[in-house]
Amino acid sequence: MAVPVKLTGMVLNLLTILFLFVCVMNFPAFSEARVRRYKWELKYEYRSPDCFSKLVITINGGTPGPTIVAEQGDTIVVELKNSLWTENTAIHWHGIRQIETPWFDGTEGVTQCPILPGETFVYQFVVDRPGTYLYHAHYGMQREAGLYGSIRVSLPAGISEPFEYDYERSIMLMDWYHKSAYEQAAGLASIPFKWVDEPQSLLINGRGRFSCSSLASCNESNPQCTPYSLTVIPGKTYRLRISSLTALSALSFQLEGHNMTVVEADGHYVKPFVVQNLFIYSGETYSVLVKADQDPSRNYWATTNIVSRNPKTTPPGLAILNYYPNHPRRSPPTIPPPGPVWDHVSPRENQSLAIKARQGFITPPPKISDRMIVFLNTQNRFNGFVRWSVNNVSFNLPHTPYLIALKQNLLHAFDQTPPPDGYDFKNYNIFDVAPNKNATTSSGIYRLDFNSTVDIILQNANTMNVNNSETHPWHLHGHDFWVLGYGRGKFDIYNDPKNFNLVDPIMKNTVPVHPYGWTALRFRANNPGVWAFHCHIESHFFMGMGVVFEEGIEKVGKLPSSIMGCVHRP
Ligand SMILES: O=C1O[C@H]([C@@H](O)CO)C(O)=C1O
């Protein structure tokens, strides 16, 4: 009798060890997960990021705000105190899917009520994937007041990336306006329409340079606008996590005399490819590898330029690539290299086409989809206002959050007619000035079958100006999608799907649609909640360029009362 008992004990011990081993290997989060707590206070303060002094929103005194640094599987807790005297807020955690916490996506009007002045709101969510992510205000046009920052999620200790580097650094790109977000918003919502125009400067890690000349509130020797200096040790390889949260601008980023190898996009490993300049759209993140292998006796320029729109008077953003031990502020002996020609579309299309999933890290998409929605992107005129629309419907964001309205059956909170799944494919000429017949505004939403596979075709077109089609970066909340393809002209619903990349498409959360082109995406509607999908250009979303998806609302757990401040209960 004794032997079998002993054997059973041994077997049990072995099984326990095996179980723990499997947990550690497959679910690093299980063994390592930590809670990371942040205490943030938002304030309006005078700052001079490009030497021009204006009111900006700071987090704990800074803009950009603090970087959230975590490991895969960690829980992030941000205790956010709104000390803006008279202004609400909400913060979106861009690229974090909010699995089982759809109420902490931070999208005012979609997933939560605004956070009132004086209130402290606690966001709590899990960062379930490694990669480079972002956070920013998602309330009106508040992001461009300076409320933004980055989230860096690394792999748990003991697991390595599929590429090698010695050190890593973050580069955050931003465009910068001197007018307040209020002045801009009021202009966009006025008759006659007042466009925001090109930014006054471009910021690299929160620093830029505006030519101050005669302006009293501008001081070029203010240390707040000293160019950012990225110090490298000769011979070492750096992983640069490059992100953009511009209000408007599509950018190119380059390091004078250095190639960059792209290895990550929006938290997914990319089949490596080399670029001299990286095109990056608002809401995107990339990691590139750079070797400090040039003449170490000098410094080099790091520059960013506007592409896709005529930059007019906006100067390039400049930073210094500092080869240690040269002085970090020593100007390179060269003039900053020019960026790519702003209106050449094909180099940008080529970069989009080059971004594929890395071998060994491919998550294949479902082979077929259950529903295809085509989104025609156009400008409209509606009751005299200039708006943007998809399928001739311009989105109106209600202030009762959809998540609450749907859970509590508040049907009066938004339009109950769903917007259309397509446009008049046969008769609409995407190269014509947008005619805007039958343009409407609506707060209606798309309701997706839970767990269904959805294809989205972003179809670009001419704006209301002759021979003009713009670039729009579209961002999906709550999901990553597969990028199945890009094309020029009008998407052919019968033939173009035959060329979809179902082999190694990259997964992303933000993707551009190029001028007069289309972009095809696929995602699984498997994250119960209500999710915004919109152009990441701050003014375009404000002008109606977005939609909302609902999926599996019945599976959403009990909503926390903290998100419900604006909802009147009977
Ligand atoms: O929304 C926009 O308005 C202007 C312009 O079209 C106004 O005429 C522009 O470039 C946008 O992107």
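This is a short walk through one protein chain, from overall shape to a few local details. Keep in mind that the model is predicted.

Start with the whole chain. The protein chain has six helices and 32 strands. Its C-alpha atoms fill a box of roughly 95 × 65 × 55 Å along the principal axes.

Now burial and surface. Of the 570 residues, 57% count as buried. The accessible surface comes to about 23,700 Å². Carbon and sulfur atoms hold 56% of that surface.

Charges, briefly. The protein chain has 48 positive and 47 negative charges. Their mean positions are 2 Å apart.

On to domains. The assignment gives domain 1 at 2–159, domain 2 at 167–354 and domain 3 at 371–555. How do domain 1 and domain 3 sit relative to each other? Their C-alpha centres lie 27 Å apart. They also touch: 25 residues of domain 1 are in contact with 28 residues of domain 3.

Now the backbone. Two cis peptide bonds are on my list. One joins Thr-63 and Pro-64, with omega about -10°. Pro-64 is in the loop between strand E2 (54–59) and strand E3 (68–71). Another runs from Ile-191 to Pro-192, with omega near 0°. Pro-192 lies in the loop between helix H3 (181–188) and strand E10 (201–204).

Then positive phi. Asn-392 is not a glycine, yet its phi is positive, about 65°. Asn-392 lies in the loop between strand E21 (385–390) and strand E22 (393–395). Asn-409 is not a glycine either, and its phi is about 60°. Asn-409 is in the loop between helix H5 (402–407) and strand E23 (440–442).

Are these two buried or exposed? Asn-392 has 18% relative accessibility, so Asn-392 counts as buried; the cut-off is under 20%. Asn-409 has a relative accessible area of 56%, so Asn-409 is exposed; that needs over 50%.

Last stop, Asp-492. It lies in the loop between strand E27 (481–488) and strand E28 (507–508). Asp-492 counts as partly exposed because its relative accessibility is 28%. Where is Trp-518 relative to Asp-492? The two are 26 residues apart in sequence and 9.9 Å apart in space, C-alpha to C-alpha.

How values were computed. Residues are numbered from 1 along each chain as its sequence is written. This is a predicted model: local features need pLDDT of at least 70, side-chain atom pairs count only at pLDDT 80 or more; totals for chains, interfaces and linings use all residues. Side-chain values use heavy atoms; hydrogens and water are left out. Helices (H or I, at least four residues) and strands (E, at least two) are DSSP runs, numbered from the N terminus. Buried means under 20% relative accessible area, exposed over 50%, partly exposed in between (1.4 Å probe, protein chains only). Accessible areas come from the Shrake-Rupley method with a 1.4 Å probe; for residues, only the protein chains shown count as cover. Lys and Arg count as positive and Asp and Glu as negative; His and the chain ends are not counted. The place of a charge is taken as NZ of Lys, CZ of Arg, CG of Asp or CD of Glu. Domain bounds come from an automatic or database domain assignment. Contact means heavy atoms within 4.5 Å.
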